[in-house]
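User: I would like to go through this model with you, piece by piece. Could you take my questions as they come?

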Amino acid sequence: MKPETLNFFDKVYEVARLIPYGKVTSYGAIARYLGAARSARMVGYAMNGSGGKDVPAHRVVNRKGLLTGKHHFDGTNLMQQLLESEGIEVVDNQIQNLESVYWDPNELK
DNA sequence: CCCCTGACTGGAA
DNA sequence: GTTCCAGCCAGGG
């Protein structure tokens, strides 16, 4: 495991914690914020280690607003429930009115 | 070293 | 607007 990789993972967790309540962002947005625009998949990969950490992984979805990572949660619909608890409308693993709840980390720079 | 998989994205259809 | 294809980086067999 290279130090840079560890830093990258740590950065991902750091940004994920910055996501406001009731908002969501995409893997690519985080990757771009870290300067690794082409490593969006690695962001999701990093989230694999988010278990047990204070990382709100449920607020991170793909650019279509689809809950692609819900299968990695304990329950089948746990991720959706968490989002709905924050006032985010989710139907069939897809976020409704995505533009209203979308938050880009690049805008806080 | 080669091949496959994956919580993805942008561009084309 | 969605769906499909190829490219992308990193890790594991």
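This is a predicted model: local features need pLDDT of at least 70, side-chain atom pairs count only at pLDDT 80 or more; totals for chains, interfaces and linings use all residues.

User: Where does F73 lie?

Analyst: F73 is in the loop between β2 and α4.

User: And which residues is F73 in contact with, leaving aside its neighbours within four places in sequence?

Analyst: F73 is then in contact with L78 and M79.

User: M79 belongs to α4, I take it. Which residues of that helix are buried?

Analyst: Helix α4 covers residues 78-85, and its buried residues are M79, Q80 and L83. Seen down the axis of α4, these buried residues fall within an arc of 95°, so they line one face of the helix.

User: What is on the other side of α4?

Analyst: Q81 and S85 are on the other side of α4, and both are exposed. The buried residues of α4 have a cover that includes β3.

User: What follows α4?

Analyst: G87 follows α4, and the phi of G87 is positive, near 90°.

User: Which residues other than glycine have a positive phi?

Analyst: D92 is one of them, with phi near 55°. N97 is another, also with phi near 55°. D92 sits in the loop between β3 (90-91) and β4 (94-95), while N97 lies in the loop between β4 and α5 (98-101).

User: Buried or exposed, those two?

Analyst: D92 has 8 other C-beta atoms within 10 Å, so D92 is exposed. N97 is exposed as well, because 10 other C-beta atoms lie within 10 Å; the cut-off for exposed is 12 or fewer.

User: Let us change topic. How many residues are in the largest nonpolar core, and which have the most contacts inside it?

Analyst: The largest nonpolar core has 23 residues, and I30, V43 and V60 have the most contacts inside it. At least two residues of this core come from each of α1 (3-18), α2, α3, β2 (60-61) and α4. Helix α2 gives the most to this core, with 5 residues.

User: What does V43 touch?

Analyst: Not counting residues up to four places away in sequence, V43 touches V12, Y27, I30 and A31.

User: And which residues of α3 are buried?

Analyst: The buried residues of α3 are V43, G44, A46 and M47. They cover an arc of only 155° around the axis, which puts them on the same side of α3.

User: Which helices supply the surface near DNA strand B?

Analyst: Both α2 (27-33) and α3 (40-47) supply at least two residues of that surface. The largest share, 5 residues, comes from α3.

User: How do the residues of this surface divide into nonpolar, polar and charged?

Analyst: The surface near DNA strand B has 6 nonpolar, 9 polar and 2 charged residues.

User: Back to the loop between β2 and α4. Where is T68, and what does T68 touch?

Analyst: T68 is found in the loop between β2 and α4. Not counting residues up to four places away in sequence, T68 touches V61 and N62. T68 is partly exposed, with 15 other C-beta atoms within 10 Å.

User: How far apart are T68 and G44?

Analyst: T68 and G44 are 9.7 Å apart in space, C-alpha to C-alpha, and 24 residues apart in sequence.

User: Finally, the whole chain. What is the secondary structure of chain A?

Analyst: Chain A has 5 helices and 4 strands. Along the sequence, they follow the pattern α-β-α-α-β-α-β-β-α.

User: What about the radius of gyration of chain A?

Analyst: For 109 residues, a compact globule would have a radius of gyration near 13 Å, and chain A agrees with this, as its value is 13 Å. The C-alpha trace of chain A spans about 40 × 30 × 20 Å along its principal axes.

User: And what share of chain A is buried?

Analyst: Buried residues make up 28% of the 109 residues in chain A. As for contacts between residues at least 6 apart in sequence, 62% of them join residues at least 24 apart.

Conventions: Residues are numbered from 1 along each chain as its sequence is written. Chains are lettered from A and ligands numbered from 1 in the order in which they are written. Ala, Val, Leu, Ile, Met, Phe, Trp, Tyr, Cys and Pro count as nonpolar, Asp, Glu, Lys and Arg as charged, and the others, Gly among them, as polar. A residue is buried if 20 or more other C-beta atoms lie within 10 Å of its own, exposed if 12 or fewer, and partly exposed in between; C-beta atoms are placed from the backbone. The arc is that of the directions from the helix axis to the C-beta atoms. Two residues are in contact if their C-beta atoms, placed from the backbone, lie within 7 Å. A nonpolar core is a set of buried Ala, Val, Leu, Ile, Met, Phe, Trp, Tyr and Cys residues joined through C-beta atoms within 7 Å. The radius of gyration is taken over C-alpha atoms; the globule rule is 2.2 Å times the number of residues to the power 0.38.
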